[in-house]
Amino acid sequence: MNGGYRIIGIVSVMLLICVLIGQAIWFYKVREIKQDEFRHTATFVLRETLNSFLDQETLSKEYRFGCGLANDGKTFRWSDNKSIQITSSEMFYEILRNVFYDHLYQNQYLNLAKIDSMYRTELYKKGIGEKFVFIVWDKDSGESLICTDTMSTYRGRIFTQPVDVGYEHKHQVVAGFPEPWLFHSLGRHLMWEGVFMLGFVISLVWQWRSIRTTWQSAKVQTLGMAHLEHELRKPLATMISMLDGILTDNKRELTDMKIRKLGMMKARLLKMSDVTDTMLATMKTARLEIEREPLNIREEMEQVAEMFEVIRSHAKVNFRIEESLKYPLLDKVYFNYLVINLVDNGIKYAGKNPVIHVEIREEQSEYVLVVSDNGMGMPKKVLRRIFGQFYRVKDERVTRLSGFGLGLAFVRKVVTAYGGRIKVESEVGVGSCFTIFIPSHQKNEIEL
């Protein structure tokens with residue numbers, strides 16, 4: 001299945017990249033087409049404007065320029081007895097314009113301001129209002145001869161196709177336009193699309209790594225759950241069976257105190273077995289049901305204290321129960337588990353001389369359980385993470401002790417099922433204090 005998800009992910013990425021690349025190519029082609037249309041229109045108008053200007057100027061009498069056809073009607077003559085054979089009326093007008101342009105240029109009569117005005121008027125009729133600059137250069141040498149404005153750079157400009165003018169001088173006229181906003185926007189769109197595609201790929205790679213980590217974590221948790229079932233249920237069942245055998249067959253060899261202690265151990269193991277079964281089932285289904293009933297809190301806590309005297313004789317565990325609190329509405333399994341787990345953790349991480357204080361009281365409409373210790377404590381940055389499944393504080397003193405990082409996760413589920421809340425205060429080298437608030441009203445079930 002993992003390989004299938006990987007193939008689907010790769011195919012999805014490739015398809016999206018193809019779509020983005022196709023869109024980028026489409027935008028690029030549209031941009032090129034629009035530029036070509038703009039250039040074609042501007043070039044056509046420039047050629048017509050130059051022809052119109054030269055036609056008008058040839059009719060003016062202020063220029064001393066003589067030209068005409070010879071008697072044969074096929075020879076075009078102009079100043080200094082220059083002539084050329086023509087074959088059509090179109091060629092006549094073309095030659096006339098070119099030689100007249102030479103005359104204007106040689107005598108510095110070329111009125112670019114008038115050409116500029118005429119060109120601007122014609123462009124406006126075509127819907128083009130951008131500013132432009134005229135450039136006249138020599139066709140043979142490529143040298144710029146006239147420029148109507150200074151240009152710091154040719155980048156970002158659209159130039160018309162060169163329009164040939166002049167007969168002897170071989171000049172070319174072009175008009176340069178700043179790139180219209182539409183083309184700028186298309187270019188920016190292509191740039192942002194590239195940024196988006198890069199960001200998408202990076203995000204997808206990060207997401208894939210996160211999914212892979214989650215997948216691996218789920219596999220580890222599944223294996224860990226199976227391992228827990230094997231490591232907890234079987235030893236508990238074995239110990240209970242062995243205790244039954246000892247209590248049944250060897251009563252004559254045991255003192256009353258030993259029988260009492262063994263009976264207590266059997267009772268605790270049975271309760272631990274119930275809690276273990278419930279805990280494992282809860283972790284699989286994420287649902288916890290609590291049936292509340294009046295609980296003899298003093299009797300329960302006396303049993304807990306007696307148990308720790310036997311199994312943790314090196315620890316000092318102090319219980320304090322509010323006098324008025326006799327039969328709170330709790331349950332015999334889960335509340336007992338809360339106390340045992342928190343006290344056991346406090347002893348485990350407290351070092352050589354653990355001292356645990358347990359207080360149970362009622363405040364307004366809540367039962368309050370406080371468990372404090374003199375242990376190693378925890379840094380504030382990990383306090384929000386300690387209730388996560390399989391999480392253990394990254395400390396050599398913690399990791400060298402046995403544990404799976406499930407106890408506090410289950411504590412939080414129990415508190416949440418009660419409809420309560422839990423608060424943690426801790427200081428490294430001083431100890432920790434867990435405070436649990438449980439509403440005193442009935443709340444049997446909660447979805448986790």
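The lining of the second largest cavity is made up of eight nonpolar residues, with no polar and no charged ones (nonpolar covers Ala, Val, Leu, Ile, Met, Phe, Trp, Tyr, Cys and Pro; charged covers Asp, Glu, Lys and Arg; polar covers the others, Gly among them). The model is a predicted one, in which local features need pLDDT of at least 70 and side-chain atom pairs count only at pLDDT 80 or more, while totals for chains, interfaces and linings use all residues. Residues are numbered from 1 along each chain as its sequence is written, and side-chain values use heavy atoms, leaving out hydrogens and water.

Around this second cavity sit Leu325, Leu330, Phe335, Ile360, Tyr367, Val368, Leu369 and Ile438. A cavity here is a set of points, on a 1 Å grid over the protein atoms alone, where a 1.4 Å probe fits but cannot get out; lining residues have an atom within 4 Å of a point. The volume comes to about 30 Å³, taken as the space filled by probe spheres set on grid points joined across faces, edges and corners.

In total, the structure holds two cavities of 30 Å³ or more. Helices α1 (2-58) and α3 (112-125) each put in at least two residues, with α1 giving the largest share, three.

Methods
On a 1 Å grid over the protein atoms alone, a cavity is a set of points where a 1.4 Å probe fits but cannot get out, and a pocket is an open set with protein on both sides within 12 Å along at least five of seven lines; lining residues have an atom within 4 Å of a point. Helices (H or I, at least four residues) and strands (E, at least two) are DSSP runs, numbered from the N terminus.
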